[in-house]
Amino acid sequence: MWGHGGRGAAAPHRDRMPGFVRRRVEAASTRGESGMTAIEFVLLTPVLFFMIFATVQFALYFFADHVAQAAAQAGARKARATADENPGGWRGEANDVVEDYISQLGPELVLGPDVKMIQPEQNTVGVEITAHVPSVFPGLDLTVHARSAGPVERFVEEDG
């Protein structure tokens, strides 16, 4: 009927398949492996889902780390600029900047941030942030840590 030497109605579909697929189908039908695909699907699906969720967790962690680092740098810039003029109030101003950054960039991503104003040396100020990251996997507790510090900026008039 189709000009394939009397192979039957299914032959035209089989002839249009690529070679490796045709050999796989023919081998499975002759050896009785017709359920092999279902078994492979059942075994590989959890691995595929794990890889997808791990990719999402990886992205969440690194974006939260980026948000925490950006907030720490912005807070440190504010602290460096205001610590000389306002020795008692730079901590509050820097903390406000950090909270603004976190609320704008990742309020649901940087969970429970612990913000500390630091003064590691005499004329150095900065910000340190530690926060939790939402987890895709139950029981996985990830934290990000960011620190930024620098010298206090001062305006010094030239003698002249």
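Mentor: Let's begin with Met 117, whose bridge partner in strand β2 is Val 127. Strands here are DSSP runs of E with at least two residues, helices are runs of H or I with at least four, and both are numbered from the N terminus. Before we go on, note that this is a predicted model, in which local features need pLDDT of at least 70 and side-chain atom pairs count only at pLDDT 80 or more, while totals for chains, interfaces and linings use all residues. Residues are numbered from 1 along each chain as its sequence is written, and side-chain values use heavy atoms, with hydrogens and water left out.

Back to the strands. β2 covers residues 124-133 and pairs with strand β1 (residues 111-121) in the antiparallel sense, over seven bridges; two strands count as paired if DSSP finds at least two bridges between them. Glu 121 has Thr 124 as its bridge partner in β2, and the two strands form a hairpin with two residues between them. β2 also pairs with strand β3 (residues 142-151), again antiparallel, over 10 bridges. There, Ala 131 stands opposite Val 144 in β3. Eight of the 10 residues of β2 are buried, so the strand is mostly covered; buried means under 20% relative accessible area, exposed over 50%, and partly exposed in between, with a 1.4 Å probe and protein chains only.

Now follow the loop between β2 and β3, where Phe 137 lies. Its ring pairs with that of Phe 50 in a tilted arrangement, 5.6 Å centre to centre and 40 degrees between the planes. Rings of Phe, Tyr and Trp (its six-membered ring) pair if their centres lie within 6.5 Å, with planes under 30 degrees apart called stacked, over 60 edge-to-face and the rest tilted. Because Phe 50 lies in helix α3, the pair ties together parts that are 87 residues apart in sequence. Phe 50 is exposed, at 51% relative accessible area, whereas Phe 137 counts as partly exposed at 23%.

By this rule there are four aromatic pairs in total. Another one joins Phe 58 and Phe 62: the ring centres are 4.6 Å apart and the planes meet at 55 degrees, so the pair is tilted. Both residues lie in helix α3, four residues apart, about one turn of the helix. Phe 58 is exposed, with a relative accessible area of 53%, and Phe 62 is partly exposed, at 42%. Ring pairs also link Phe 58 and Phe 62 with Tyr 61 into a cluster.

Let's stay with helix α3, which spans residues 36-82 and includes Phe 53. Phe 53 is partly exposed, with a relative accessible area of 40%. Thr 45 is found in the helix too, but Thr 45 is buried, at 18%. The side chain of Thr 45 reaches the backbone oxygen of Phe 41 at 2.5 Å. This is a polar contact, a pair of N or O atoms within 3.5 Å; within protein, one must be able to donate a hydrogen and the other to accept it, and residues adjacent in sequence count only if both atoms are side-chain atoms.
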